[in-house]
Structures are given as structure tokens and as C-alpha cells.
Amino acid sequence: MTYSGERILLSSQREGQVSRFRKWVFLVVPLVAILFQVYVPMFFPFLSFLEMPLLVVVYFAIMRRSQISGLMVGALVGLAQDSLSKNPLGMFGIVKTLVGYFAASVGVRLDVEHGLIRLLLGFFFFVFHQFLYWVMSRALLGQQMTFDWPHTAMLAALNAVVGVALFHFLDKLKERA
Amino acid sequence: MESLLNRYRNITVLLLVIMAQLVLLAVSAKNPDDVRFIRIWTVTAVTPVARIIEGLRGGSTGFLHNYIVLHDTNQENQRLRSELDRMKMENVFLKNELNTSDRAKAIQVFQQHTPSKTVAATIIFTGAGSNSKVVFVDRGTMSGVQRGMAVVTPDGIVGKVIAAYPTASQVLLITDPDFAAGVVTEKSQVHGTLKGQGTPQCKVDYVAFEEKVEPGEWVYTSGDDRIFPRGFRVGVVKAVRPGQSFKEILVEPSGMQRGLVEDVLILIEGVHQRIPDAPSGMQPIYIAAPPPGNESKPAGAAVPAPVGTEADRLRSQYQALGEEQKHTYGENPPGAKPPDFTRLANPGAAGQGAYPLGPAGKNTASPAGTPPNPGAVGQGGYPLGPPGKSAPPPAGKPPNPEAGKNSPPVPGAPPAAPPAASPAAPAKTGTGGQGGYPLGPPGKSAPPPAGTPAKNPPDAARRLNPSAGTPAGGQIRR
């Protein structure tokens, strides 16, 4: 499908092409993303701001355009992330489940091949992810955390930029029709 | 029904998944040990991959350093570093033990106690989450690691084990906001709780405002938390500020001053150590001589003795008096002449290296009105009276020519009366002095006129009966 820069919104769901991936991609890519987050900051602490698992969840959700598929990927990645942190199981799981569901919902309506759309989606869902995590920490765990809007916005912009490059790389793993 | 489920299939699945995770969250939040199998699976799945990656990285960098860049230097450097770390820990332990006052006991304690039993571990990956202060090490329950064990480095504490899996363990770093440990400062021995803040510095909480903590002071583990043995280094106090309810004390951890270390030690069996003793304020302090032109001290005053307790001051006074009169305490035969202790009450005589006892002419060592002990015998066999007064000579002995010189004032005499032995005071006949003899010219004591009772009763009689008068002749008869 050739891309037209003038049309961002899809007129119907059928216009959006559902990207297909091999099964091993669904297993390896999230694992690599989690490994990146737990290993690389040991040697490059400044890279700890990158939320690679979140970007991977957003990518698969918007490319698959299936809300069930998106929420399942989000749930599994989130639970794996919870398992490797000191958080109770379910914190990242619930947050990424909702991110996957809403990303898939948005992907149904928007042309997610556009770079600007990907940048905006990456920014929005990072802020949404951090805000939802903050709400759950305060409401469910009673932790006194502060939500720094300017800092979060800056990190969201950085993650969005990295996300655009990552999405472009992951496009290579799509199955050719 | 089916159409309803198909129509709302996505939202139904979403709600089901979220409900399931909420239940999981509730269970795991209530009991952190529960639902471990999910964590075990994930950690077991990630650990081998992380180990392989770490091994590849270490191998490639080792090859590069050992064979490309430096062949033997790197090996030697690593050997020296590990030996230095080991000796640092041993040095801290030995220093603490040898600071005890009884060196023999310290050596015995050191022989009886061995250093804490540790197991070395390597950090293989950090926890997931952007602000996570959790790391994983490559030692687990198969190596004897259990939850709650302390993790240290030779430079200080690093964290504690919060979860132990078969081949790996999760360590909570001291910079994590959930970390807490009992600590105590070195100098002031102030107890507090060390808490992480998510930043490179930690804070010590629950320290009252009146407690004194100074920047630059070392902080050690107190052992109160039953996790870290007592005596392990924590860090240095960087700032002390007043907070809302307690003092705000910031500490820079010494165990992580070189960043996130790769190799740590897990305390399998911790041994409490002594915290190094800070200099005590009760120890004698040398005070230099006053600057010239200080009129408060008499000319020719000797360098004042070190300030100590009241007993030290008295001892130095008596010692100075004995040296002045060439008298050695405890080495004289019975019946020998004791030193003239009346000179202690004279500020002029007391200036010979001794401190004044108090108001001039009064001896503050014994309160006024203290009855003397009739049976007490002092130097040379003379009965002891109030300190500062020498016993009168026995009957038949000529009066002590020095008696009238520095005789103390009569108890009960008007305070305004000048001391009888004052060099400036004119000699008065009929005035009772030492032993009840009237004073003559300074340095001489005139014999009493026969039958003349002394105005002031002799010391011995006063000692036996403070209200008694002078016996006939004014002489003491034994």
C-alpha cells in the first residue's frame, strides 16, 4: 500500500493493513527489550530512561491492530518486567495491558506507518504509562510518589524519538505479504 | 448471548485480564513470598542469557585488555586490587579490635572471633524499571544465599538480599527509597535509620534535634536491624540540616562511591565488630602556658598542670608541696616530720604549680563543720585535722618556727579578717596561730607567756571538741 501523506486517518478499518510477524519475533523481541533494560544501564546509566519494553508493546499493538493481541502482549511483557523488579506482580502488567489495548484501538483508526504519528503515539503512550503507574502506586500501594510533569515530558520526547528509529528497524521483521 | 459476547469481546477480555492481574497484585502485595513461581520462571529464563552476555562481554574485554593492550599488567592489577580489597576489610576489623583499652583482651577477642563468613558474587543485571535500584547477582540458594542477608564491599555496605532464587538473588541497593538500615555515628554515637532516596546520597532519619552530628563524621552500621552486623562502614555525613520533625542528615555511601560495583560480598554469617572509638572529651588535655603579660597569674608561676578531675588537681598540689619541701611521701620512717600542709591554703604558696583550693584562705576540700576523726593518724603520727592544717607539735617540742608563717585562719573567724600568715599583715601579739601560740614577727613564733590562755583554742583540742577552749598553757598534752 503506498503511503499518502495527506491521509492520516483511515476511512475504514479495512484500509489498515494488519502486519504479520513470525511467532519467534513475538518471543525474542520482547525478551531482547527486557534484557536491554536490565543489562545496558549497568554500563551506561544514562540509558536507564529508555522504556524499551513499552516501545515494543506499542509497536506490536499498533501494527497488529488487534486489541486482544495488544493487551495480551502488554500483559505478558508487563508481568515479565514485574518479575525482574521489586514491584508486586501486576503493576507493570496492568499498565502495559491498558497501553496495549488503547494503542491497538488507536492503530485501528490511524495510519501508523507515518513517522509523525509514530512519534506522537510514542510520546503520548509514554506519558500515559508513567501517569497510570503513578496513579496505581499511590492508590493501590500507598506509595508517596511525585509525578514530575516536565521531567516526564522530556523523557517521553526522548523515548518517542528512539521509538521512531526502533519501529523502523522492527518493520524489517514483518512478514512480506 | 453469543452476539453480546462477540460484540464486547475485546472489552471483556481486557476486563478479565485486568481483574486477574489485580488479584495477582493484591496477593503479591500482601505476601511478597507468594506467587514466586512467576518470578522464578522469569528470573530463570533471563539469568542464563544475562550470564552468557556478561561472559561474552567479559571475555571479549578481557581478551582485548590481556592480549591486545596489556598482557601482564592487567592481571597484576587485578590481583593487587583483590588483595587490596581483602586487606582493607581485614584492616578495618583489626583497627576496631585494637582500639580497645585492654590490648591483651583485644588480642584474645580477635583470636576467638573470625571475620564474617562471606561469599563473593557478581552483579549480572539490574532490575527492570527506569528508576529501579535493584540488581541481580549470580549467587542464589544453591550457594547458601538467603533472603535478608547483607551485601557489602570492602568500602562499605551496598544493599540487602530481598529475594533468593536457585541461581540468582535480587539485591536492594541502599540508594533505593525502600531501603532502611540501623546506623550509628562514630563520634557522637547517635543512632538513626539510614534510608535511600533514589539519589546517590542517602539520609539518616529519626535523629532528634538535640543530637550532635557533624559533617565529615563517619557512619557505621549499628546492628539494630538484625541484618547488617555492627561496625560496617556506611558512609560519610555530607550535610546536616534541621528538618520538620527530625534532623536532616545526608550521607554519601562509601560502598558505592565508585559507582555501581561489579563484585560484591554476601554475608552468610555476619560478625559484629566494634565501632572505632572517637577521642573522648574526658581525657586530659594539654594546655600551654599563658602568653606573657597575663596578670592573672603570679610571676614565676609554673606551667599549669594538665586539667583533669578535682582529684588530679589536689594530687598535683600535694605533690608540688612535697617537692618544694623535699619530702617524699610514703618513704619516711614513723615519727618523721610531715610537710607543712598549711602552705596549701596560702595562694602564694599554692602558686608553686598547684591550683588554689578555692576562696583564699579556705580549704574547700572538707566542708566547714566536718567533725574530725579523733583516731585518724596522718603523716608522722600526728592526728589528722581539717586538711590544710598541720598538727601542732607534741608537748615539749619547740614551736615550729614556720608555724606562724602561713597558718590558716581560725574557723569561724570573720571572713574579712586577713589570714594570720599574710606577709603583709602585721604581727599581733595575743593572736592565736598555729598551735595556739601568739604570732610574733613573720618567721618567728614567740613562746607563750606562762598562764596566758590563747585566744584561739589549739587545733588538737578543736579537733576533739570543736567547742572546747584552750588547755592551760595553751599547749597540747598527749
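I looked up B:Lys326 and found it in the loop between helix H6 (310-324) and helix H7 (347-350) of chain B, where helices are DSSP runs of H or I with at least four residues and strands runs of E with at least two, numbered from the N terminus. The model is predicted, so I note that local features need pLDDT of at least 70 and side-chain atom pairs 80 or more, while totals for chains, interfaces and linings use all residues. Residues are numbered from 1 along each chain as its sequence is written, chains are lettered from A and ligands numbered from 1 in the order written, and side-chain values use heavy atoms, without hydrogens and water.

For B:Lys326, I read a phi near 55°, a positive value in a residue other than glycine. B:Lys326 is exposed, at 77% relative accessible area (buried is under 20%, exposed over 50%, partly exposed in between, with a 1.4 Å probe and protein chains only).

I then turned to B:Gln189, which sits in the loop between strand S6 (180-185) and strand S7 (191-195) of chain B. Phi of B:Gln189 is also positive, near 55°, and B:Gln189 counts as partly exposed at 35% relative accessibility.
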